[in-house]
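Visitor: I am new to this structure, and I would like to understand the words used to describe it. Could you show it to me and take my questions in turn?

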Amino acid sequence: MPELPEVETVLRGISPFMEGNEIEYAEVNRPDLRKPFPNNLAKRLKNRKINFLHRRSKYILIDLSDGETLIMHLGMSGRILISENVTGNFHHNSRHTQKHDHFVLHLKDKHMVTFNDPRRFGIIDLLETKSLEISSMLSHIGPEPLSNRFNEEYFINVMRGKKTNIKSALLDQRIVAGLGNIYACEALFRAGISPKRKAFSISHKRLGFLVPIIKEILTEAISSGGSSLRDFRNAAGNLGYFQHRFEVYGRDNKNCYNTQCTRKIKRIIQAGRSSFYCSNCQR
């Protein structure tokens with residue numbers, strides 16, 4: 001599943017083409033994805049101006065004229081691709097419709113924004129902009145991990161009394177927005193904290209130390225274009241490269257990257273998700 005850096009990478013890829021542009025028309029090729037599309041979606045989007053794009057957790061938010069926001073979530077295998085519909089000698093630049101192109105925005109400048117989702121776990125919705133933060137999708141989500149709200153004091157306070165393991169706590173969207181399985185594993189390794197440790201049992205000093213590491217990991221991943229596990233591609237269709245820098249994720253039974261360590265990376269299952277860690281370096 002695309003995680004925060006992948007979604008941020010897509011957002012940065014499509015924003016220059018979309019902001020300030022207008023939707024000439026929308027092409028809706030099926031009635032639903034994970035949930036039904038809003039009623040009369042294509043009609044409601046026709047001739048709307050695109051004001052601003054931003055992200056909340058793993059949701060891409062497209063603020064439109066007339067006070068509504070188009071919401072996109074990539075789900076398990078969703079991709080958003082930018083292409084240009086041109087003719088003549090440059091017809092090869094045009095992207096032909098693919099089987100899983102479920103939703104396409106045709107922009108006034110002839111660019112197309114295509115939502116492709118083979119497994120159909122994505123979401124496309126249209127809500128009043130002023131009601132976003134109280135909507136069922138966003139109202140429960142905690143602070144963004146790269147924001148000032150996600151700081152040492154907040155993290156230490158929210159972990160008080162948490163009897164769940166620290167890995168599961170990091171994946172709880174009510175605690176921190178959008179931090180997924182890959183980057184939780186990588187951050188815990190860099191911080192030297194075992195994913196099996198109960199959150200409340202970790203010292204305040206170590207919890208505080210984890211906060212800048214989470215920010216560091218995510219910033220590095222965004223600068224590398226995310227990870228290309230399974231189906232992820234950026235808006236231009238290119239792979240991300242952070243997967244080449246994984247220190248633990250997907251490296252079970254391989255040597256620990258710590259040159260002073262002779263152990264191999266272990267894989268365990270926590271709450272149905274794989275956790276990768278070094279039992280020597282992470283305590």
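Guide: What follows is a conversation about some helices, loops and single residues of this chain.

Guide: Please keep in mind that this is a predicted model, in which local features need pLDDT of at least 70 and side-chain atom pairs count only at pLDDT 80 or more, while totals for chains, interfaces and linings use all residues. Residues are numbered from 1 along each chain as its sequence is written, and side-chain values use heavy atoms, with hydrogens and water left out.

Visitor: What makes up the secondary structure of the chain?

Guide: The chain has 6 helices and 10 strands, where helices (H or I, at least four residues) and strands (E, at least two) are DSSP runs numbered from the N terminus.

Visitor: How do you know what share of the residues counts as buried?

Guide: A residue is buried under 20% relative accessible area, exposed over 50% and partly exposed in between, with a 1.4 Å probe and protein chains only. By that rule, 53% of the 283 residues of the chain count as buried.

Visitor: How does the span of helix H1 compare with the expected one?

Guide: The expected span of a helix is 1.5 Å times one less than its number of residues. H1, residues 4-18, has 15 residues, and its 20 Å from first C-alpha to last is close to the expected 21 Å.

Visitor: Why is H1 called largely enclosed by the rest of the structure?

Guide: Of its 15 residues, 11 are buried, and so H1 is largely enclosed. Among these buried residues are Leu4, Val7, Val10, Leu11, Ile14 and Met18. Just after H1 comes glycine 20, with a positive phi of about 85°.

Visitor: Why is H1 called oblique to helix H6?

Guide: Two packed helices are described by the angle between their axes and the distance between the axes. Here the axes are lines fitted to C-alpha atoms, for helices over the stretch in contact, and angles run from 0 to 180 degrees between N-to-C directions. H1 and H6, residues 204-223, pack at about 40° with their axes 9 Å apart. Angles under 35 degrees count as roughly parallel, over 145 as roughly antiparallel, 65 to 115 as roughly perpendicular, and the rest as oblique, and therefore H1 is oblique to H6.

Visitor: Which residues make the contact between H1 and H6?

Guide: Contact means heavy atoms within 4.5 Å, and on the side of H1 the residues are Leu4, Pro5, Glu8, Thr9 and Arg12, while H6 brings Leu218, Ala221 and Ile222. By class, this contact of H1 with H6 has 5 nonpolar, 1 polar and 2 charged residues, where Ala, Val, Leu, Ile, Met, Phe, Trp, Tyr, Cys and Pro count as nonpolar, Asp, Glu, Lys and Arg as charged, and the others, Gly among them, as polar.

Visitor: Why are H5 and H6 called oblique to each other?

Guide: The axes of H5 and H6 come within 9 Å and cross at roughly 130°, and H5 and H6 are therefore oblique to each other. Their contact has 11 nonpolar, no polar and 5 charged residues.

Visitor: How do you know whether isoleucine 193 is buried or exposed?

Guide: Isoleucine 193 has 0% relative accessibility and therefore counts as buried. Its place is in the loop between H5 and H6, and among the residues that isoleucine 193 touches, not counting those up to four places away in sequence, are Ile166, Leu188 and Ile202.

Visitor: What is said of phi in serine 57?

Guide: Most residues other than glycine have a negative phi. Serine 57, however, has a positive phi of about 55° although it is not a glycine, and this residue is found in the loop between strand E2 (50-56) and strand E3 (59-64). At 2% relative accessibility, serine 57 counts as buried.

Visitor: Why is alanine 271 called exposed?

Guide: Alanine 271 is at 73% relative accessibility, and so it counts as exposed. Its phi is near 50°, a positive value in a residue other than glycine, and its place is in the loop between strand E9 (266-270) and E10.
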